[in-house]
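Open the structure in your viewer and keep the selection panel at hand. The stops below go from the core to the sheet and then to one loop.

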Amino acid sequence: VSGNHAVESGGGIFVETVTIENGTVSGNTAGDNGGGIYTEQDFEINGGSVKNNAAADGGGVYVLGEALLNGGTVSENNAAADGGGIYARGKTQYAGVEINGNTAANNGGGLYAYSSVSVSNGSLTGNTAATGNGGGIYCGGNFMIQSGTVSGNEAGANGGGVYAVAPNAFLRGGTVAGNTARQDGGGFYGSVAYVMGSSVTGNHA
């Protein structure tokens, strides 16, 4: 699915729900939300790739429901506002996808999550929130990482790796390393964090 454009949302695909198992969604654009894919309910990716798409919010994917990120790649997408790779309104379960090299002008270079985020595998690397917060992840709800890697991301303001709005953040495992914020929280920025096994190293603010 490539080279398509929508004046409003869903440059490549506009659906109720979608599951990506294989294939490529690339080079699509939308004037509003979801350059590659816009879903009115849930989104699941188990393989394939979403790359080089662009929109105002959710350069690669815009999800109104839950996001199940089990495999595949979301890379090199661009958002003029929030969510360079993925913008998710519902809760996000991150279990193996690679979100790499995406850019948002404001918040959430790799992933902008309006609700909670649980990371149990996968990687977020080389994403950028140019002027805002959360180079890798912007999380509006509770945040937990048990495994996986958040590395080499950059935020123009706070939270180079992760920016967590809600008061509960649990860092139980995984790695947050080599991220940069121009203001505060090179690796992680939040209110209350419980660190119980994660490696947070080599970050800079």
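Which residues have the most contacts inside the largest nonpolar core? Select Ile37, Phe43, Leu69, Ile86 and Phe143: these have the most contacts in that core, which has 33 residues. Keep in mind that the model is predicted.

Next, centre on Ile86. Neighbours within four places in sequence aside, Ile86 is in contact with Val61, Val63, Leu69, Val74, Ile99, Gly110, Leu111 and Tyr112. Now select Tyr38, Tyr62, Tyr112 and Tyr138, which are among the six residues of a second, separate core.

Switch to a cartoon view for the sheet. It is an open sheet of eight strands with parallel pairing, in the order β2-β6-β9-β12-β15-β18-β22-β26. Select residues 13-15 (β2) and 188-189 (β26) to see its edges. Each of these two strands has a single partner strand, so one side of each is left without a neighbour in the sheet.

Within the sheet, select residues 111-113 (β15) and 137-139 (β18), which pair in the parallel sense over three bridges. Show side chains here: Tyr112 stands opposite Tyr138 in β18. Both tyrosines belong to the second core.

For the last stop, select Asn33, in the loop between β5 (29-30) and β6 (37-39). Is Asn33 buried or exposed? Asn33 is buried, because its relative accessible area is 17% and the cut-off for buried is under 20%.

Definitions and conventions: Residues numbered from 1 in each chain as written. Predicted model: local features only at pLDDT ≥ 70, side-chain atom pairs only at ≥ 80, totals over all residues. Heavy atoms only, no water. Core = buried A, V, L, I, M, F, W, Y, C linked by side-chain atoms within 4.5 Å. Buried < 20%, exposed > 50% of the residue type's maximum accessible area, 1.4 Å probe, protein only. Contact = heavy atoms within 4.5 Å. Pairing = 2+ DSSP bridges. Helix = DSSP H or I, 4+ residues; strand = E, 2+ residues; numbered from the N terminus.
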